[in-house]
Amino acid sequence: MDLARTDFYLDGAWVAAGGGETVAVHNPATEEVVAAVPAGTAADVERAVAAARAAFPGWADAAPADRAACLDRLHAALTARTDEIARTVALELGTPLRVATRVQAGLPLTVLRGYVELAAAPPADETIGNSLVVREPVGVVGAITPWNYPLHQVVAKLAPALAAGCTVVLKPSELTPLTAYLLFDAVHEAGFPPGVVNLVTGTGPVVGEAIAAHPDVDLVSFTGSTATGRRISHLAADRIARVTLELGGKSANVVLDDADLAAAVKVGVGNAFLNSGQTCTAWTRLLVHHERYDEALALAAGATAGYRLGDPFDPATRLGPLVSAAQRDRVHEHVARGLADGGRLVAGGPDAPLPDRGHFVAPTVIADVDPDSALAQEEVFGPVLAVMAFHDEDEAVSIANNSRYGLAGAVWSADTDRALRVARRMRTGAVDINGAPFNPLAPFGGYKQSGLGRELGRHGLAEFLQVKAIQR
Ligand code: NAD
């Protein structure tokens, strides 16, 4: 199967990339090159932004029902590609196929379905005294996305932007661009007006910076690392462009003394290791009451032993490789430093057996981690769980909040009022009590250095709208 792609999607058509430079796409489980995509330039971004700008007035003025109908057709075209999407994510990212089907392909379809409905019924005008308050689309959106949930992160930007009446230029991660191409096959099939949605692939420093710095991009919607988010903010600040940022995390899973420990640890380990730990919301710090600490460590070691590493396409595999050799090496360095800083190895670690090839890291649990140490403070982005003990609720909250991040978290207690009290004290954008399910309509985003703004549901839509007051 030839997976190479040679075009950008500009102004409603596939257009051959002129430059000749390409970016190789790897299979992280085999380390082989499986495809190449064009490496865009600032000139390609120029064409894409011009197309999006020209399409903006028509799309902004389109009837909400027409925008909803386009998104509905996109939903149908994507649904028809579910298997292909899951297989492509398994290939270019290494997510086990079962998880790729349920989460990587399934979640974006749920998110998109929600925005079909929100597009059809946009927020109503409001009256405040003598003012009519109306909402209007922000304009041209530059969307820049990472590799760890390559379809979800794109859909979480594209769908609300389009529902709001904005037009879009997307740059997906250069590590996982093939999934974005499948999305744009579906975009083409859905028949959006030319210029409403555009795709330019390539690297962050070239294509990403050209988008972030472009004077005609009204809003940059970015998901990725905090360092890149900072850079994008600087570029956008020069022209006071809006920025929404979904960045890193170091989320705490707080297990109170009265919790169902077996459930808390099992779900907590599963959350920390989902997608090989390459999940921004991962609960990478397990905080356990000191009286139940040893029991929790035994449970965590037992749960970790069940994570079989291997080929993402093998149904028995529960943990795939990391996305790249660089990412694997970074994670190994974090583990070594965590142990050197006084952490105690409970499972996995540098000497655990690994498959012969592929960018694998053994699922690893490290206990007695100092809350101020690098392992407790830095985002690892691999299957590594740091465990710490606390003595009372106040100490648990203080350790949980001892982070420059604030994206997600969890609390476990038999007393849901008590759990809610602790959840309210956590300085983070989301908290799950007793393993409550993910809600794709709830606002998603971070406090502190985890980001600015919210995605998903009506809060996500609001990011793409301006507010105008008309006095009468
Ligand atoms: P990254 O910041 O390296 O790259 C993200 C995107 O930004 C890519 O498309 C990349 O090409 C582009 N980019 C890189 N440098 C750029 C520059 N100078 N200007 C413009 N664009 C540039 O992040 P990553 O390694 O792809 O993703 C991992 C990070 O993303 C982790 O820190 C993770 O926590 C975070 N993340 C956050 C969320 C969230 O919703 N909060 C979700 C997923 C991932």
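At 32% relative accessibility, E126 counts as partly exposed, a label given to residues between the buried class (under 20% relative accessible area) and the exposed class (over 50%), with a 1.4 Å probe and protein chains only. The partner of E126 is R135, and the closest N and O atoms of this salt bridge are 2.9 Å apart. Here a salt bridge means a side-chain nitrogen of Lys or Arg within 4 Å of a carboxyl oxygen of Asp or Glu. R135 is likewise partly exposed, with a relative accessible area of 32%.

The structure is a predicted model, in which local features need pLDDT of at least 70 and side-chain atom pairs count only at pLDDT 80 or more, while totals for chains, interfaces and linings use all residues. Residues are numbered from 1 along each chain as its sequence is written, and side-chain values use heavy atoms, with hydrogens and water left out.

By the salt-bridge rule, the count comes to 21. One of these pairs joins R357 and E32, whose side chains meet at 3.6 Å, N to O. R357 lies in the loop between strand 14 (344-347) and strand 15 (364-367), and E32 sits in strand 4, so the pair ties together parts that are 325 residues apart in sequence. Strands (E, at least two residues) and helices (H or I, at least four) are DSSP runs, numbered from the N terminus. R357 is partly exposed at 45% relative accessibility, and E32 is partly exposed at 42%. A further salt bridge brings together the side chains of D314 and R308 (3.8 Å, N to O). D314 has a relative accessibility of 29% and counts as partly exposed; R308, at 46%, is partly exposed too. Elsewhere, salt bridges that share partners join D257, D258, E393, R418 and R421 into one network.

Strand 4 (residues 32-38) also holds A35. A35 is buried because its relative accessible area is 6%. Leaving aside residues up to four places away in sequence, A35 touches L3, A4, V23, A24, V25 and L178, a contact being heavy atoms within 4.5 Å.

The structure holds six cavities of 30 Å³ or more. On a 1 Å grid over the protein atoms alone, a cavity is a set of points where a 1.4 Å probe fits but cannot get out, and lining residues have an atom within 4 Å of a point. Points are joined across faces, edges and corners, and a volume is the space filled by probe spheres set on them. The largest cavity contains about 90 Å³ of space. It is lined by 15 residues, of which R285, A400, Y405, A408 and T428 are the closest to its centre. Helix 13 (393-401) and strand 17 (405-406) are the elements that give two or more residues to this lining. By class, the lining has six nonpolar, five polar and four charged residues, where Ala, Val, Leu, Ile, Met, Phe, Trp, Tyr, Cys and Pro count as nonpolar, Asp, Glu, Lys and Arg as charged, and the others, Gly among them, as polar.

The second largest cavity holds about 40 Å³. Its lining includes G249, K250, G277, T279 and C280, along with A282, T284, E379, V380 and F381. Four nonpolar, four polar and two charged residues make up this lining.

Key:
On a 1 Å grid over the protein atoms alone, a cavity is a set of points where a 1.4 Å probe fits but cannot get out, and a pocket is an open set with protein on both sides within 12 Å along at least five of seven lines; lining residues have an atom within 4 Å of a point.
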